[in-house]
Amino acid sequence: MISVYDSAYDEKVRRWRVRCGCVVQGVQCSVVGEYKTNPEAPRPSKYKIFCPRHAREDGRTMKGR
């Protein structure tokens, strides 16, 4: 994981390039995105970071959105 900084997008907020944590039939999802919280922090590392599609399928979004 790498830290990404884009001054046009966010002033002084660090972002990490993260791969979706969903594993289906032994294959990890290939979606890569940017996340504002350190993925190695206790909560994200415990619950994993999912792409929007897998988060919706897993019921992680509020009210199915």
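Colleague: What makes Arg 17 and Glu 34 a salt bridge?

Modeller: The term needs a side-chain nitrogen of Lys or Arg within 4 Å of a carboxyl oxygen of Asp or Glu. The closest N and O atoms of Arg 17 and Glu 34 are 3.5 Å apart, so the pair meets the rule. This is a predicted model, in which local features need pLDDT of at least 70 and side-chain atom pairs count only at pLDDT 80 or more, while totals for chains, interfaces and linings use all residues. Residues are numbered from 1 along each chain as its sequence is written, and side-chain values use heavy atoms, with hydrogens and water left out.

Colleague: Which parts of the chain does the pair link?

Modeller: Arg 17 is in strand E2 (residues 15–19) and Glu 34 in strand E5 (residues 32–35), distant parts of the chain, 17 residues apart. Helices (H or I, at least four residues) and strands (E, at least two) are DSSP runs, numbered from the N terminus.

Colleague: Why is Arg 17 called partly exposed?

Modeller: Buried means under 20% relative accessible area, exposed over 50%, and partly exposed in between, with a 1.4 Å probe and protein chains only. Arg 17 has 38% relative accessibility, so Arg 17 counts as partly exposed. Glu 34, with 39%, is partly exposed too.

Colleague: How many salt bridges does the structure hold?

Modeller: There are two. In the other pair, the side chains of Arg 53 and Glu 57 meet at 3.3 Å, N to O. Both residues lie in helix H2, four residues apart, about one turn of the helix. Arg 53 counts as partly exposed because its relative accessibility is 48%, whereas Glu 57, at 55%, counts as exposed.

Colleague: How do you know that Cys 29 is in no disulfide?

Modeller: A disulfide is a pair of cysteine sulfur atoms within 2.5 Å. By this rule the count is zero. For Cys 29, the nearest cysteine sulfur is that of Cys 20, 3.9 Å away. The sulfur of Cys 51 also has its closest cysteine sulfur in Cys 20, and because the distance is 3.7 Å, they are too far apart for a bond.

Colleague: Are Cys 29 and Cys 51 buried or exposed?

Modeller: Cys 29 has a relative accessible area of 11%, so Cys 29 is buried. Cys 51, at 7%, counts as buried as well.

Colleague: What stands out in the phi of Gln 25?

Modeller: Most residues other than glycine have a negative phi. Gln 25 is not a glycine, yet its phi is positive, about 50°. Gln 25 sits in the loop between strand E3 (23–24) and strand E4 (27–28), and at 81% relative accessibility Gln 25 counts as exposed. Lys 48 also has a positive phi, about 70°, without being a glycine. Its place is the loop between H1 and helix H2 (52–58), and at 47% Lys 48 is partly exposed.

Colleague: What lines the largest pocket?

Modeller: The lining includes Tyr 35, Arg 43, Tyr 47, Lys 48 and Phe 50. A pocket is an open set of points on a 1 Å grid over the protein atoms alone, where a 1.4 Å probe fits, with protein on both sides within 12 Å along at least five of seven lines; lining residues have an atom within 4 Å of a point. Helix H1 (residues 42–47) gives the most to this lining, with three residues. The volume of the largest pocket is about 150 Å³.

Methods:
Grid points are joined across faces, edges and corners, and a volume is the space filled by probe spheres set on the points.
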